[in-house]
Amino acid sequence: GKHVKVGISHTVSEEQKGRTEKRVYLSHFYAFLPDPPFEIIAVSGHFCFNHMHESDVGHSAQWISERPIDNRTTPILVMGEYYRCPVITFASGMTEMIGDGNNAIITYGVNDCYSRSIVVPKKKIEMLLSGN
């Protein structure tokens, strides 16, 4: 395939009857050509990042973690689909994993309270961009 660069964008869906039950942040991957005019050639569907898990290091230090799990991940209706994710997530960085060209590291903030990082296989990102 073509050599492309990949980014993460987010959209904020405001509460609207028939569209969403509350204000929520959702993300997309987008692929673009590396040379001007940097044409966008693919955009994934919506996705959201997750909260900390009870087994994560530092979980108990986060005040929001003390809330009941149903309160932290209430299903959110957006455009006829339910997402079980925090209301606010915002990607802050993405880089290739050092020593492992098959994975990317994505950093993001959750509910303006704490940050997380996750390792995502590049093949998964490619699948999302191709609609699979």
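Colleague: What makes up the count of helices and strands in the protein chain?

Modeller: The protein chain holds two helices and eight strands, where helices (H or I, at least four residues) and strands (E, at least two) are DSSP runs numbered from the N terminus. In order, these elements read β-β-β-α-β-β-β-β-β-α. This is a predicted model, in which local features need pLDDT of at least 70 and side-chain atom pairs count only at pLDDT 80 or more, while totals for chains, interfaces and linings use all residues. Residues are numbered from 1 along each chain as its sequence is written, and side-chain values use heavy atoms, with hydrogens and water left out.

Colleague: Why are E6 and E8 said to stand at the edges?

Modeller: Two strands pair if DSSP finds at least two bridges between them. The open sheet has the order E6-E7-E8 with antiparallel pairing. Strand E6 (89–96) and E8 each have a single partner strand, so one side of each lacks a neighbour in the sheet.

Colleague: How do you know that E7 and E8 pair?

Modeller: E7 and E8 are joined by eight bridges in the antiparallel sense, and the definition asks for at least two; therefore they count as paired.

Colleague: What makes the largest nonpolar core a core?

Modeller: Such a core is a set of buried (under 20% relative accessible area, 1.4 Å probe, protein chains only) Ala, Val, Leu, Ile, Met, Phe, Trp, Tyr and Cys residues joined through side-chain atoms within 4.5 Å. The largest one has 16 residues, with Phe 29, Ile 106 and Leu 129 among those with the most contacts inside it. E7 gives the largest share, four residues.

Technical notes
Buried means under 20% relative accessible area, exposed over 50%, partly exposed in between (1.4 Å probe, protein chains only).
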